[in-house]
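Here is a short briefing on the chain shown below. It covers the sheet, the cores and the overall figures.

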Amino acid sequence: MKNIIIAIGRELGSGGKEIAEKLAKKLGIRFYDRKLLEVAAHESGLDTTVFENADERESHNFIGNMFSIHGSLANVLSGGSCMDNDQLFAIQSDAIRNIAEKESCIIVGRCAEYVLREHPGLVSIFITANSNDRVRYIMEHEKINREAAIEMISKGDKRRRQYHDYYSTGKWGEARSYDLCINSSHMGIDGTTEFLHNYIKKRFGL
């Protein structure tokens, strides 16, 4: 096995990104979240804002979606300069594959567990949390009231679910779509990080 790739999906407010960052530090590997957009932009020659505007948002172009999932970066770029969300997803997917080929890392979101489903070193994890804990987390980190936090969580989860389920054959947040699903409310951010650290070490004999 050349590289270990940890793909993490997360509910908004579960602390998934924070856990991923801490886990990456413990394992001594790189963490990719929004930085992945910079990599995709650099490799494609497009501006980062192009990817940010389409980041984890639902696409409605079914034909484009089917093409982008099976197409390559070269095929997409040869079609012209007009880029829709599905073409951007294809470019981003190529960036994910290139990263997985070069190094061990943690990738948050972006349907990475689907894009890298054939990778022998892939570990797919989904992080959830109890509703009250999620609301509290968002209130504290975004400095907003409870009502605004609830609305933010509802919209954020809906957007992530639509994006994931459109581009992936699995269902966002369903246990069968991942190797491991964990509720961060039970052990907290640090406890969940330590649990996942031990899981990865045992699974790969590190």
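**Sheet and strand pairing**

E1 and E4 pair in the parallel sense, over 6 bridges. The model is predicted. Isoleucine 8 has isoleucine 125 in E4 as its bridge partner.

- The open sheet is built from 5 strands in the order E2-E3-E1-E4-E5, with parallel pairing.
- Strand E2 (30-32) and E5 are the edge strands; each has a single partner strand, so one side of each lacks a neighbour in the sheet.
- From one strand to the next, the twist averages 20°.
- H10 lies across E1, E4 and E5. Its direction is at about 160° to E4.

**Nonpolar cores**

- The largest nonpolar core holds 20 residues. Ile6, Ile8, Ile106, Ile125, Ile127 and Leu196 touch the most other members.
- At least two residues of this core come from each of these elements: strand E1 (5-10), helix H1 (16-27), strand E3 (105-108), strand E4 (122-128), strand E5 (180-183) and helix H10 (188-204).
- A second, separate core has 18 residues, among them Cys105, Ile107, Leu116 and Tyr167.
- Beyond its neighbours within four places in sequence, isoleucine 8 contacts Ala20, Ile106, Ile107, Val108, Gly109, Ile125 and Ile127.

**Whole chain**

- The chain contains 10 helices and 5 strands.
- Of its 206 residues, 50% count as buried.
- Among contacts with a separation of 6 or more, 70% join residues 24 or more positions apart.

Conventions:
Residues numbered from 1 in each chain as written. Predicted model: local features only at pLDDT ≥ 70, side-chain atom pairs only at ≥ 80, totals over all residues. Heavy atoms only, no water. Helix = DSSP H or I, 4+ residues; strand = E, 2+ residues; numbered from the N terminus. Buried < 20%, exposed > 50% of the residue type's maximum accessible area, 1.4 Å probe, protein only. Contact = heavy atoms within 4.5 Å. Core = buried A, V, L, I, M, F, W, Y, C linked by side-chain atoms within 4.5 Å. Pairing = 2+ DSSP bridges. Axes fitted to C-alpha atoms, helices over the stretch in contact; angles between N-to-C directions.
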